[in-house]
Amino acid sequence: MNLAIRGIGGQIAHGDTFHNDRHPDLKADYILANPPFNVSDWGGERLADDKRWRYGVPPKGNANFAWVQHMGHHLAPKGVAGFVLANGSMSSQQSGEGEIRKNLVEAELVDCMVALPGQLFYSTQIPACLWFLARGRERRGEVLFVDARKLGRMVDRTHRELTPEDIARIAETYHAWRTGEDGDGYADVPGFCKSASLDEVRKHGHVLTPGRYVGVEPQEDDGEPFEDKMKRLVSELREQQAEGARLDAAITRNLKMLGFGGGR
């Protein structure tokens, strides 16, 4: 359907990728996919011994890591895959998913993780992320994390979109990281991106949520001395507490006027 509505040619057929793989021997240089999130009735119980599950048998109740391994299985020796999945895939420990994710990381297959802002999709409100898998990676022993949750702009009350500048920033960060060492086009940006070592990922239990790694964006110094700021904030707190007490008293008086002023 995505091909058809964009006028892109290709062989379009209805089928079941897991149970009737139309390209069993394909080894692709590039894979781009948007598989359905959290599919529970994917028939996993009939595929327990499938050769694609090199890193662990996916749980019968969720196809997320079946998609990950299906695409990993079809990558060429220097192939790269990019796909969208639900945020839960980055941290879930249920039904062996954490062990599969650990095995993918330790096999040097996970290249980059991108946390996306919410409300990007018309079809679901589930928060999503981007996975990038790569075989024959140049930067071994590292994973790039990009936290793009603050990017994008609201185009209506319920829908957000990434601007061309946002997309370029994410893409340029990833490509700079893949093609050059630190200091040669790529640099960690607190609050946005971090090239984390495998040891760091291990310390986080192989959870791949970018927010755990990128740190906090530095705040600009407003120039107000600390002592002055604390005095101002305490004064504002006292004013708000006094206003709260005034409102409580007004509510109590109104309740009494309505005959609900009895105490306990």
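A pocket, as I use the word here, is an open set of grid points with protein on both sides within 12 Å along at least five of seven lines. The structure I examined is a predicted model.

**Entry 1. The second largest pocket**

I looked up the volume of the second largest pocket and found about 240 Å³. Its lining consists of 13 residues. Those that lie nearest the centre are Asp147, Lys150, Gly191, Phe192 and Glu217.

**Entry 2. Nonpolar cores**

I turned next to the buried nonpolar residues. In soluble globular proteins, nonpolar side chains tend to be buried together. The largest nonpolar core in this model has 35 residues. Within this core, Leu104, Val110, Trp131, Leu133, Phe145 and Leu208 touch the most other members. I listed the elements that give two or more residues to this core: the strands β1 (28–33), β2 (75–86), β3 (110–115), β4 (128–134) and β5 (142–147), and the helices α2 (64–73), α3 and α5 (198–203). Helix α2 provides the largest share, five residues. I also noted another core that lies apart from this one; it has 23 residues, including Ala86, Leu120, Leu130 and Ala134.

**Entry 3. Aromatic pairs**

My search of the whole structure gave nine aromatic pairs. I recorded two of them in detail.

Phenylalanine 18 and tryptophan 67 form a tilted pair, with 4.3 Å centre to centre and 40 degrees between the planes. The two residues are 49 residues apart: phenylalanine 18 is in the loop between α1 (2–5) and β1, and tryptophan 67 is in helix α2. I found both phenylalanine 18 and tryptophan 67 to be buried.

Because phenylalanine 83 lies in strand β2 and tryptophan 131 in strand β4, the pair ties together parts that are 48 residues apart in sequence. Phenylalanine 83 and tryptophan 131 are buried.

I also noted a cluster in which ring pairs link Phe18, Trp42, Trp53 and Trp67.

**Entry 4. Arginine 101**

I located arginine 101 in helix α3 (residues 97–106). Its relative accessibility is 0%, and buried means under 20%, so I counted arginine 101 as buried. Beyond its neighbours within four places in sequence, arginine 101 is in contact with Phe65, Ser89, Met90, Ser91, Ser92, Gln93, Trp131, His206, Val207 and Leu208. I also checked tyrosine 55, which is 46 residues from arginine 101 in sequence and 8.1 Å from arginine 101 in space, C-alpha to C-alpha.

**Entry 5. Asparagine 64**

Asparagine 64 lies in helix α2. I counted asparagine 64 as buried because its relative accessibility is 2%. Not counting residues up to four places away in sequence, asparagine 64 touches Pro36, Phe37, Asn38, Leu85 and Ser89.

**Entry 6. Positive phi values**

Which positive phi did I note in residues other than glycine? I recorded a phi near 60 degrees for glutamate 108 and a phi near 60 degrees for histidine 206.

Glutamate 108 lies in the loop between α3 and β3. With 12% relative accessibility, glutamate 108 counts as buried. Histidine 206 is found in the loop between α5 and α6 (226–257). With 8% relative accessibility, histidine 206 counts as buried. I had already met histidine 206 among the contacts of arginine 101.

Definitions and conventions
Residues are numbered from 1 along each chain as its sequence is written. This is a predicted model: local features need pLDDT of at least 70, side-chain atom pairs count only at pLDDT 80 or more; totals for chains, interfaces and linings use all residues. Side-chain values use heavy atoms; hydrogens and water are left out. On a 1 Å grid over the protein atoms alone, a cavity is a set of points where a 1.4 Å probe fits but cannot get out, and a pocket is an open set with protein on both sides within 12 Å along at least five of seven lines; lining residues have an atom within 4 Å of a point. Grid points are joined across faces, edges and corners, and a volume is the space filled by probe spheres set on the points. Helices (H or I, at least four residues) and strands (E, at least two) are DSSP runs, numbered from the N terminus. Buried means under 20% relative accessible area, exposed over 50%, partly exposed in between (1.4 Å probe, protein chains only). Contact means heavy atoms within 4.5 Å. A nonpolar core is a set of buried Ala, Val, Leu, Ile, Met, Phe, Trp, Tyr and Cys residues joined through side-chain atoms within 4.5 Å. Rings of Phe, Tyr and Trp (its six-membered ring) pair if their centres lie within 6.5 Å; planes under 30 degrees apart count as stacked, over 60 as edge-to-face and the rest as tilted.
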